[in-house]
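I wrote each entry as I went.

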Amino acid sequence: MTVASVNSECYAFQAFKVTSPILVVGDVFMTNINYPFLAGTYSSQMHRVSKLSFPLRPALFLLVPMAIALLAACTPENNQSTFGTAGPIAEDQADLFKFIFWIAAIVFILVEGAVIFIAIKFRRRSDSDKLPYQTHGNTRLEITWTVIPIFILAIIAVPTLTQIWEQQNLVPQDQGQVLNIEAIGHQWWFEFRYPDHEVVTSNELHIPVNRPVAFKLDSQDVIHSFWVPKIAGKVDMVPLNDNYMWMIGDEVGTYYGQCAEFCGIAHAHMRFRVIVDTEEDFQAWVAGMHTAPNAPVAGSPEASGKNLFAANCSSCHTNDSTSPGSYAREISSQQARWNGWISDIENSGIVSAPNLTNFGQHSTIGAGLKDLNKETLEQWITDPSSIKIGTRMQKHAAVYDTSDGAVKLSPTEVSDIATFLLSLKPGSAPAGSVVEASGDVDGAEVFATNCASCHSTGDNTVVGPGLAGIGDRAGTLVDGLSADEYIEQSIREPGAFIVDGFPAVMPGWSHLGDDSIDALVTYLKTLK
């Protein structure tokens with residue numbers, strides 16, 4: 001009987017009782033059809049169904065290169081491959097993966113082998129073949145294939161749970177002095193704080209080789225995940241919930257890190273680098289992060305870029321966290337920036353941003369997206385979205401308040417800022433010292449390099465209020481304080497007096513020194 005005849009009979013007599021149990025085997029189906037109104041019964045009929053709807057050979061030609069491409073991602077040399085390990089945690093995790101993989105491979109071979117054997121041995125050889133004997137339950141067999149998976153899972157569970165316990169336990173204290181680091185996720189960049197060394201940096205993490213590093217993981221906005229594939233596993237960074245992990249890098253080199261939790265439009269571009277230094281190089285890097293760059297020569301592109309940076313970028317970016325006390329100020333400033341942004345997400349002119357201290361030492365830009373050089377830096381300043389879409393810098397900074405989002409600076413000004421940022425490298429002054437300007441302090445220059453990114457000299461609001469006429473009204477704002485005293489206290493302790501309608505985001509400026517503050521107060525009183 002053909003398929004067509006069966007179908008026609010089913011449709012022709014669908015009003016009558018038709019029972020049709022179907023057993024599908026390979027590309028045929030067997031039916032036991034009972035028509036009560038017929039003299040006989042069609043029993044154990046085998047009928048071939050339609051073949052594959054696509055040709056097999058072209059499909060194989062497509063699948064083979066795809067399989068090769070997928071396997072290529074597993075090569076140890078790949079930057080984010082977990083097979084080429086460079087730390088004991090990553091090595092333990094890779095060994096555990098291989099252990100489970102080979103168990104799974106053996107199970108796969110046995111099961112698939114049995115399926116293929118059964119399909120071939122009990123295949124239909126002729127039209128006269130009868131159905132194989134149907135077995136409906138075998139207690140001994142069912143117990144066997146229940147016990148075996150339990151046994152396999154137990155074998156896998158022991159090393160898995162042991163490693164989880166060891167890696168979630170406290171950082172080992174017997175493998176050298178522990179380095180403590182606080183890693184904070186932001187949309188879409190990483191901030192790294194070294195509390196024991198009072199260093200703060202972004203997107204490039206330096207650690208010493210063969211020393212345990214203890215991480216405190218946090219997020220300022222949404223859930224991120226901290227992952228360095230070749231050195232350690234991944235742990236989530238959750239707002240208001242600190243997580244902890246540790247790692248050891250046992251090979252000097254540069255390794256890729258990545259956010260492994262979807263966190264918004266630029267998630268795939270939220271990367272970082274881990275630089276594993278020798279102990280000597282790490283200590284030199286720490287000392288360098290406490291060493292201010294040499295002051296730019298007057299009239300140079302660096303000097304011009306410094307003023308342009310201060311006027312357009314410094315409300316969000318810090319670039320001078322080298323002096324004593326600057327670490328605490330930066331933490332306070334980042335929190336203030338966040339408070340300012342969260343208070344008015346759509347219209348805020350300030351937002352948390354990477355610390356750019358000694359930025360010229362970095363090797364990448366855009367959270368690890370591009371190699372750092374003058375060309376890529378100018379491209380980033382001109383139009384950040386051309387490198388990385390979704391940056392808050394372009395959305396909130398006043399300098400990008402244009403119809404197309406491009407920067408409101410000339411190519412020469414962009415070049416000067418790039419030149420200045422690339423010049424930010426440890427200078428010749430002793431570590432921890434403050435580079436003082438020579439000669440009399442110019443209050444207008446102090447304002448331009450420290451205040452102009454948030455305050456205008458007119459009536460218009462930038463981040464903070466405009467300062468036109470501040471000298472005339474300052475003496476009337478607080479009883480018992482003169483204009484000089486009010487302005488000076490506002491500079492040293494901004495939280496003492498908050499202007500209505502503005503968030504408390506201004507950091508303290510006592511570190512400018514008495515001479516600079518006095519010059520700044522004198523300058524502000526001249527604004528009309």
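Is Thr-357 buried or exposed? I asked this of a model that is predicted, and I found that Thr-357 is buried, because its relative accessible area is 1%, where the cut-off for buried is under 20%.

**Entry: around Thr-357.** The side chain of Thr-357 has a polar contact of 2.7 Å with the side chain of Asn-355, and a polar atom of the Thr-357 side chain lies 2.9 Å from the backbone nitrogen of Ser-321. Setting aside neighbours within four places in sequence, I listed Met-289, Thr-318, Asn-319, Asp-320, Ser-321 and Thr-322 as the residues in contact with Thr-357.

**Entry: backbone angles.** I noted Asn-358 in the loop between α7 (326-343) and β14 (364-365), where its phi is near 50°, a positive value in a residue other than glycine. Asn-358 is buried, with a relative accessible area of 1%. I then turned to Asn-203, which sits in the loop between β6 (199-202) and β7 (204-208) and has a positive phi of about 65°, although it is not a glycine. Asn-203 is buried too, at a relative accessible area of 9%. I also recorded a cis peptide bond between Gln-187 and Trp-188, with omega about 0°, and I placed Trp-188 in the loop between β4 (179-186) and β5 (189-194). I flagged these places because most residues other than glycine have a negative phi, and most peptide bonds are trans.

**Entry: a helix pair.** I looked at how helix α3 (residues 88-121) packs with helix α4 (residues 139-168), and I found an angle of about 170° with the axes 11 Å apart. The two helices are therefore roughly antiparallel, since that term applies to angles over 145 degrees. On the α3 side the contact is made by Ile-89, Asp-92, Gln-93, Leu-96, Phe-99, Ile-100, Ile-103 and Val-107, and on the α4 side by Ile-152, Ile-155, Ile-156, Pro-159, Thr-160, Gln-163 and Gln-167. Sorted by class, this contact has 10 nonpolar, 4 polar and 1 charged residues.

**Entry: nonpolar cores.** I found that the largest nonpolar core has 40 residues, and that those with the most contacts inside it are Tyr-194, Leu-205, Ile-207, Phe-215, Phe-226, Met-247 and Val-274. Elements giving two or more residues to this core include β8 (213-219), β11 (243-247) and α5 (279-288), and the largest share, 4 residues, comes from β8. I followed up Met-247 and, leaving out neighbours within four places in sequence, found it in contact with residues including Ile-89, Ile-207, Arg-211, Phe-215 and Phe-226. Another core, of 23 residues, lies apart from the largest one, and among its residues are Phe-359, Leu-372, Ile-387 and Leu-409.

**Entry: Met-506.** I ended in the loop between α13 (483-492) and α14 (514-524), where Met-506 is found. Met-506 counts as partly exposed, because its relative accessibility is 37%. Met-506 and Pro-494 are 12 residues apart in sequence, and I noted a C-alpha to C-alpha distance of 6.1 Å. Not counting residues up to four places away in sequence, Met-506 touches His-455, Ser-490, Ile-491 and Pro-494.

How values were computed: Residues are numbered from 1 along each chain as its sequence is written. This is a predicted model: local features need pLDDT of at least 70, side-chain atom pairs count only at pLDDT 80 or more; totals for chains, interfaces and linings use all residues. Side-chain values use heavy atoms; hydrogens and water are left out. Buried means under 20% relative accessible area, exposed over 50%, partly exposed in between (1.4 Å probe, protein chains only). Axes are lines fitted to C-alpha atoms, for helices over the stretch in contact, and angles run from 0 to 180 degrees between N-to-C directions. Angles under 35 degrees count as roughly parallel, over 145 as roughly antiparallel, 65 to 115 as roughly perpendicular and the rest as oblique. Contact means heavy atoms within 4.5 Å. Ala, Val, Leu, Ile, Met, Phe, Trp, Tyr, Cys and Pro count as nonpolar, Asp, Glu, Lys and Arg as charged, and the others, Gly among them, as polar. A nonpolar core is a set of buried Ala, Val, Leu, Ile, Met, Phe, Trp, Tyr and Cys residues joined through side-chain atoms within 4.5 Å. A polar contact is a pair of N or O atoms within 3.5 Å; within protein, one must be able to donate a hydrogen and the other to accept it, and residues adjacent in sequence count only if both atoms are side-chain atoms.
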